[in-house]
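Work through these exercises with the structure open beside you. Try each task before you read its solution.

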Amino acid sequence: MKRLGTTHHSVQKKLIVRVEASGEKKEELPKINSVVVDQKKFKIGRVFDIFGPTDRPYVVVKPYKNVDPEVHLGKKLYFEERGFGGRNRKD
């Protein structure tokens, strides 16, 4: 699980996440369709798009059905490119 960033906005039922500023090493960006989770490893949705400046881009997260994007505003989200032992959700 890798830190994605903090959610800033909800637009058309999608979350806009600002990738956190990189420290000493450049942060790895997620791939499109990477699974996005919260701190408790509950699956929120998938990476839909990446845009903005290359040094600190924004990531658009498309939430799964029955996930209220407004609940996650201002929260830190994480991503995983491969399956892992978090809580399972039906897409």
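Two strands count as paired if DSSP finds at least two bridges between them. Keep in mind that this is a predicted model.

**Exercise 1. Work out what the six strands build, and in which order they run.**

Step 1. List the elements. The protein chain has six strands and zero helices.

Step 2. Trace the sheet. The strands make a closed barrel in the order β1-β2-β5-β4-β3-β6, with antiparallel pairing. On average, neighbouring strands of this sheet are turned by 45 degrees against each other, direction ignored.

Step 3. Check β1 against β6. Strand β1 spans residues 2-11 and strand β6 spans residues 76-80. Four bridges join this antiparallel pair. Thr-6 stands opposite Lys-76 in β6.

**Exercise 2. Describe the largest nonpolar core and name residues with the most contacts inside it.**

Step 1. Count its members. The largest nonpolar core has 16 residues.

Step 2. Pick out the residues with the most contacts inside this core. They are Leu-4, Val-17, Val-36, Val-59, Val-61 and Leu-77.

Step 3. Find the sources. β2, β3 (35-37), β4, β5 and β6 each give two or more residues to this core.

Step 4. Zoom in on Leu-4. Leave aside its neighbours within four places in sequence. Its contacts then include Val-17, Val-36, Val-59, Val-61 and Leu-77. Pro-30 is also among them.

**Exercise 3. Decide whether Pro-30 is buried or exposed.**

Step 1. Locate Pro-30. It lies in the loop between β2 and β3.

Step 2. Apply the cut-off. Buried means under 20% relative accessible area. Pro-30 has 5%, so it is buried.

Step 3. Compare sequence and space. Pro-30 and Glu-80 are 50 residues apart in sequence. From C-alpha to C-alpha, they are 7.7 Å apart in space.

Step 4. Buried residues make up 35% of its 91 residues.

**Exercise 4. Classify the aromatic pair in the structure.**

Step 1. Name the rings. The structure holds one aromatic pair. Phe-51 and Tyr-58 form it, at 5.4 Å centre to centre.

Step 2. Use the angle. Planes under 30 degrees apart count as stacked. Here the angle is 15 degrees, and the pair is stacked.

Step 3. Phe-51 has a relative accessible area of 37% and is partly exposed. Tyr-58, at 23%, also counts as partly exposed.

**Exercise 5. Find where pLDDT stays under 50.**

Step 1. Take the whole chain. Its average pLDDT is 85, and 81% of the residues score at least 70.

Step 2. Go to residues 83-91. Over this stretch pLDDT stays under 50. The model has 16 contacts for these residues beyond four places in sequence.

Terms used
Residues are numbered from 1 along each chain as its sequence is written. This is a predicted model: local features need pLDDT of at least 70, side-chain atom pairs count only at pLDDT 80 or more; totals for chains, interfaces and linings use all residues. Side-chain values use heavy atoms; hydrogens and water are left out. Axes are lines fitted to C-alpha atoms, for helices over the stretch in contact, and angles run from 0 to 180 degrees between N-to-C directions. pLDDT is the predictor's confidence in each residue, from 0 to 100. Contact means heavy atoms within 4.5 Å. A nonpolar core is a set of buried Ala, Val, Leu, Ile, Met, Phe, Trp, Tyr and Cys residues joined through side-chain atoms within 4.5 Å. Buried means under 20% relative accessible area, exposed over 50%, partly exposed in between (1.4 Å probe, protein chains only). Rings of Phe, Tyr and Trp (its six-membered ring) pair if their centres lie within 6.5 Å; planes under 30 degrees apart count as stacked, over 60 as edge-to-face and the rest as tilted.
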